[in-house]
2 protein chains.
Amino acid sequence: MSWNPALEAAFHPKVVAVVGVSADAKRNGPPAIGGANFIRSYEQLGFQGRIYPVNPKATEILGLKAYPNVSSIPEPVDLVIVSVPAHAVPGVLEDCIAANARNVHVFTAGFEETGEEEAKELGCRVRQIALRGGLCLIGPNCMGPYVPQAGIGSFDRVPRESGPVSFISQSGGHCNWFCHHGPDHGFRFSKVISFGNAYVLDSTDYLEYLAVDPETTVICMYLEGVKDGGKLLKQVREINRVKPVILWKGGLTESGSRAVASHTGSLAGQEAIWRGFFAQTGAVRVFSLEEMAESAMTFLHVRPPQGKRVAVLGAGGGSSVASADVCVYEGLEVPTLTQETQAELKKFIPLAGASIKNPLDTGLLFRNVSLLEREMELVAADPLIDMLIVMPHLDMGGRAGANQTDRLVSQLCDFSRDNPYGKPTVIVFQSFANDPWEVELRARLEVELPNKGVAVYSSLSGACRALARLFEYHRFQGELAAESRR
Amino acid sequence: MSWNPALEAAFHPKVVAVVGVSADAKRNGPPAIGGANFIRSYEQLGFQGRIYPVNPKATEILGLKAYPNVSSIPEPVDLVIVSVPAHAVPGVLEDCIAANARNVHVFTAGFEETGEEEAKELGCRVRQIALRGGLCLIGPNCMGPYVPQAGIGSFDRVPRESGPVSFISQSGGHCNWFCHHGPDHGFRFSKVISFGNAYVLDSTDYLEYLAVDPETTVICMYLEGVKDGGKLLKQVREINRVKPVILWKGGLTESGSRAVASHTGSLAGQEAIWRGFFAQTGAVRVFSLEEMAESAMTFLHVRPPQGKRVAVLGAGGGSSVASADVCVYEGLEVPTLTQETQAELKKFIPLAGASIKNPLDTGLLFRNVSLLEREMELVAADPLIDMLIVMPHLDMGGRAGANQTDRLVSQLCDFSRDNPYGKPTVIVFQSFANDPWEVELRARLEVELPNKGVAVYSSLSGACRALARLFEYHRFQGELAAESRR
């Protein structure tokens, strides 16, 4: 795969022009619409290069020297952000070509996705100009790149720190959500690229870049349409061997496909084709942003399980029944523990109101940290078990139990990060009530723990789904490797 | 169906005996285990009758006069709660029979659900004694009844107010969860019955009672096993015509069925049989407590839709695509709005970066309450649309937008409760970020609004699922009515 030097410049620009910034833009106040928004967010992200607002009616905007067009900027421009009304985009692109500014992110929307004839024709013209001028065009109708290392991006209050995950998405809203919720799942970003209608650069171009990007180890994608399906398939199959590719394909129902047309003007494709795509590439399939975030967290924080057999350590008989059903629905197995393990557990767990078969209904142990540790050790040592899901209740004696809760949590973290049996151990917190203190505690732990490298899921089904996918990924890669050795 | 006078007394007792209360029980401190717990929670619920602790080694417990056994209590006992070790249960039941105390709730666990031979035999004895003595036995291995109107119940901090929902459940943990989360979904309870291993009284007995209970309008059930499937089917089909029956059947996977055996010692049955059950009864099928709570809320707060065609009013193109897919996956239809509606919407909604086809991607309207109202009116008037799901973002200008948010929310509530087109309108809040103020606001609104009669769901899929079920329920009943007219 090739390295794209244009994208390299676009993702690490030193000089940025923003075309279409209101002459009276302000730094404070409610979120700005249009060009000023980019300047504000670049500054928030600590961008160290130079920014030139472009506006024919101003000489200074936001304290920055403004120019009437890109051509008049006195130095080479690494990235142009276009935020003008749709009808003015062709003129701006001609200006970029004249200025030899090749990397252009077109934020402007209002092309074929509107369904209006005139707008479609305008879109065609934009595409033609870009192709003729050899522009490396991102968009239109998109939020462009977020590269924290380079201090660029267009979302409010996203982290300045970098991380190992990259995200390629035809939806800017999805990027916005993911950039905020990634850190809540314990990861940050290398490159996030919102690329909208994909007139020139398509997912495959960004993928080519990320494949060899040393800062990226996990690749997430949200796609509505694809120009070259064969190329994407080959690429994903190849990249997925080294960097897990987690992909959400949107618009696979008829209504969804219609929404795709109204969003990025793409052709959505059909479910059967995409099923084949996943079967052949081994890419990790998800169906929502939440799943994508939990899946990325899993690839980053959970060691690969050796099989699909899970032990669930929970509380409550009804909850055990539900857990068993959910695990199986989501593709895992819930074997009965060996007689030996059960015999050991019986030594310190009274059977009335409990169960030690699997799921383990041993809620009282969440109030007794050392017995819980003994239980986890025994279960992890069981040869029939490949991974553990621990489902603690946090309402152990109300607020008064806070100290106990701290001990419980720190012990769970220790066991999850490093247990002598090397068995993946993840957490799903449970609660009976919605007490504010408990809701708050749970919400806090669900962010804190992933940031300490411990996978916590908001639901058991989410945990099972992510673990099943992690297992399937490694199984697929194992088979692929075996095949290539033959 | 017959009225069960024994259950009537058990659910509205004047005199309660609690067998097995520790002599040194305290009113304060951490949650008590065993009998004292019942006395504490009855008192919390404002029980107005008399409570007699039973303990051969004490004359007073918790300031209440204690007796050595039930027979020695000087007045007729309406309900006996048994909280002694399993081996002592037969003796207590003999005592109850001698005292002519027919209504007995056995909290004690440790019978066939343990899988131990000895415990199984003990269970058989308990059952035989109860049957021979004509006891109206609830349990064993259960939390018994919660009847706020009568001031009885065994869960901590559940509402003292009554409501129209009843819940029959083989899991006490599920009852606990549901009693706390019901009020968060805007409803409270008439009778909640945790009935565990069902030695004598089974789901069908409780159902018989609730069928004619004037305080109950919606019946929820969690079942692990059933003794008389034919009877249940006939009953549910009949009751469901008048009072929606929402049913979660646990343990339908092999592992789940094993967990059922470990929990209440029941036989779980098979998926195919239960599919037939739902097809024949028209009962509302759910797969989790969350779904049950959202479904009950829907039956209580949402008027029946005339069809399955939904309009989604949201923000973001990617979100629209996902919404369309989710609606269809969950059984709804997402038709394009009529040309007339679109033409009207176009008059005040610019198309660049938006869509007015359906899903509507018109996020800016959440910042403009009067335009949003116009949009909702037009969409609700569209003859192709049966119901509306509105998905507002709450992060409208940060905290500063609080005033605007208040207006938005109150307008949504007004429209949802009473729009001139009579179209069901429900809400799913969205947010890009996890800002604490927004998380808190959303959590608060998700409780407040249902308590004002407006249905709010935690996810779009949850909303669709509940609405699809509401529609299906009314379609089924309509067909049934048509059939019986023929």
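Strand β17 (residues 425-428) of chain B pairs with β18(B) in the parallel sense, over two bridges. Strands are DSSP runs (E, at least two residues), as are helices (H or I, at least four), numbered from the N terminus. Two strands pair if DSSP finds at least two bridges between them.

This is a predicted model: local features need pLDDT of at least 70, side-chain atom pairs count only at pLDDT 80 or more, and totals for chains, interfaces and linings use all residues. Residues are numbered from 1 along each chain as its sequence is written, while chains are lettered from A and ligands numbered from 1 in the order in which they are written.

**The sheet in chain B**

B:Ile427 has B:Val456 of β18(B) as its bridge partner. The open sheet has five strands, in the order β15-β14-β16-β17-β18 (chain B), with parallel pairing. Its edge strands are β15 (360-361) and β18 (456-457) of chain B, and each pairs on one side only. Helix α11 (residues 317-329) of chain B packs on the sheet and touches β14 (310-314) and β15 of chain B. The direction of α11(B) makes about 155° with that of β14(B). Such angles run from 0 to 180 degrees between N-to-C directions; axes are lines fitted to C-alpha atoms, for helices over the stretch in contact. Residues are in contact if their C-beta atoms, placed from the backbone, lie within 7 Å.

**Where the chains meet**

The contact between the chains takes 59 residues from chain A and 59 residues from chain B. On the chain A side, α5 (172-184), α8 (254-264), α11 (317-329) and α15 (436-448) each give two or more residues. Here α11(A) gives the most, with eleven residues.

How do the residues of this side of chain A divide?

| Class | Chain A side touching chain B |
|---|---|
| Nonpolar | 24 residues |
| Polar | 28 residues |

**The symmetry**

Chain A can be laid on chain B with an RMSD of 0.0 Å, by a turn of 180° and a shift of 0.0 Å along the axis. That is the relation of a two-fold axis. Copies are superposed by least squares on the C-alpha atoms of residues with pLDDT of at least 70 in both. Of the residues of chain A, A:Glu440 comes closest to the rotation axis, at 4.5 Å (C-alpha). The same surface serves both copies: 100% of the contact residues of chain A recur in chain B.

Definitions and conventions. Contact = placed C-beta atoms within 7 Å. Nonpolar A, V, L, I, M, F, W, Y, C, P; charged D, E, K, R; others polar.
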